[in-house]
Amino acid sequence: MASNALDAALSQTRYANLLRVKMDTGSVLQMISSIQPRPMSMSLNTPPVIVFVGTIPASYKGGNYNIPVNIWIPDGYPFSPPICRVVPTAEMIIKDQHKHVDMQGTCYLPSISQWNPQSSVLTSVISELIQVFSQDPPVRAKPKIQNPPAYQPQPQPQPQFQPQPQPQPQPQTQPQPQYQPQIQHPQAAPFYNQQFNNSMAMNAPPTSLPKNDPNVLQYSPQGGSNQMHFPQQQTPPNQNMHEKQQQLECMLTSKIQEKFILTSLHHTDISKEKHRLEEELRDMNQRMNVLNDWITTNDKPGEPIDIDAISQVDDIP
């Protein structure tokens, strides 16, 4: 039965040393029955090769284990050594820092690294895999992820009603009015108020005061404690500011009008000059057209050009 499966798989391959391949693979099937030959391609556009798919038995600490592997017999066998890979199942993972197996599952054995096409055989590789896996299995069970416990809501304590103490109304005290003394500002004499108002209205210095008036402080030319000096009346500052503002506005208005007139005259001169140049250009183009027509009409090869006739062209009106 195993030989029939091997013959069917070998019929789909293209080994150059088919006899050697058939002999070595048949020895493997007689040695271990937990692996089966299958034709598989190592890459795209390459012919199929024999791949042993199954498990390698291993005894570790009194227990028996089956290590899943794939053993590839390359197209160049026996000149190319076999390739062994550990293929963990969904419940397994490869051990970290294994001595003979990397994290991708590739196996590194002395029988593979020291492979000799003449003396090495495939059964020696299988025997070394059983020995290495029995000393240190390359896979272990995947740790199970424990589901978190289901959420169970905790009963919340019901708040107990506690009446809040009501604040007692406090008697309101009426503020006592504070005494504020009235400030009496001194008033000027009626006579001086009338004189100051008249001088402000007329924009003139105050008139002379009557003499021998008991309410008026008399002037003493010799000097003394009863001297009185009347300051010279000045123009109110608001009136001066208003006059300066009016003067500034008039000056600014005249400057703007002058600038506008000069700009208008300059624009008019430019327009006249532009019109004059356009007329000259139009006249020159007309003369050039007449001259070109005359040259086209009177240009004869081998004959001299009549200078006098050309001068007549300049008499174009």
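Biologist: What makes helices α1 and α2 count as being in contact?

Modeller: In this predicted model, Ala2, Leu6, Asp7 and Leu10 of α1 meet Leu18, Val21, Lys22, Thr25, Gly26 and Leu29 of α2. Contact requires heavy atoms within 4.5 Å. By class, this contact holds six nonpolar, two polar and two charged residues.

Biologist: How are the axes of α1 and α2 placed, and what is the hand of their crossing?

Modeller: The axes of α1 (residues 2-10) and α2 (residues 18-31) come within 11 Å and cross at roughly 145°. The crossing is right-handed.

Biologist: Why are Lys22 and Asp7 described as neither buried nor exposed?

Modeller: Buried means under 20% relative accessible area and exposed means over 50%. Lys22 has 41% and Asp7 has 35%, so each counts as partly exposed.

Biologist: How many salt bridges does this rule give, and what makes Asp136 and Lys95 one of them?

Modeller: The count comes to seven. For Asp136 and Lys95 the closest N and O atoms are 3.1 Å apart, and the cut-off is 4 Å, so this pair qualifies. Asp136 sits in the loop between α4 and β6 (139-141), Lys95 in the loop between β5 (92-94) and α3 (110-113); 41 residues separate them. Asp136 is partly exposed, at 30% relative accessibility.

Biologist: Where do Arg276 and Glu280 lie, and which network includes them?

Modeller: Both lie in helix α6 (residues 237-298), four residues apart, about one turn of the helix. Salt bridges that share partners join Glu273, Arg276 and Glu280 into one network. The side chains of Arg276 and Glu280 meet at 2.5 Å, N to O, and the limit is 4 Å, so the name salt bridge applies. Arg276, at 37%, is partly exposed, as is Glu280, at 42%.

Biologist: How do you know that α2 also meets α4?

Modeller: Asp24, Thr25, Ser27, Val28 and Met31 in α2 meet Leu122, Thr123, Ile126 and Ser127 in α4. The residues of this contact divide into four nonpolar, four polar and one charged. The axes of α2 and α4 come within 8 Å and cross at roughly 35°.

Biologist: Why is Ser27 called partly exposed, and how far is its C-alpha atom from that of Val121?

Modeller: Ser27, in helix α2, has a relative accessible area of 31%. That value falls between 20% and 50%, so the label partly exposed follows. The C-alpha atoms of Ser27 and Val121 are separated by 9.3 Å, although the two residues are 94 residues apart along the chain.

Biologist: Which residues touch the most other members of the largest nonpolar core?

Modeller: Of its 36 residues, these are Phe52, Ile71, Ile73, Val86, Leu129 and Phe133. The elements giving two or more residues to this core are α1, α2, β2 (49-60), β3 (63-73), β4 (83-86) and α4 (122-135). In soluble globular proteins, nonpolar side chains tend to be buried together.

Biologist: What does Val86 touch beyond its sequence neighbours?

Modeller: Leaving out residues up to four places away in sequence, Val86 touches Ile67, Pro68, Val69, Ile94, Val101, Gly105, Cys107, Phe133, Pro138 and Val139.

Biologist: Which residues does the cis peptide bond join?

Modeller: A cis peptide bond joins Tyr77 and Pro78, with omega about 10°. Pro78 is in the loop between β3 and β4.

Conventions
Residues are numbered from 1 along each chain as its sequence is written. This is a predicted model: local features need pLDDT of at least 70, side-chain atom pairs count only at pLDDT 80 or more; totals for chains, interfaces and linings use all residues. Side-chain values use heavy atoms; hydrogens and water are left out. Axes are lines fitted to C-alpha atoms, for helices over the stretch in contact, and angles run from 0 to 180 degrees between N-to-C directions. A crossing is left-handed if the near helix is turned anticlockwise from the far one by less than a right angle, and right-handed if clockwise. Ala, Val, Leu, Ile, Met, Phe, Trp, Tyr, Cys and Pro count as nonpolar, Asp, Glu, Lys and Arg as charged, and the others, Gly among them, as polar. A nonpolar core is a set of buried Ala, Val, Leu, Ile, Met, Phe, Trp, Tyr and Cys residues joined through side-chain atoms within 4.5 Å. Buried means under 20% relative accessible area, exposed over 50%, partly exposed in between (1.4 Å probe, protein chains only).
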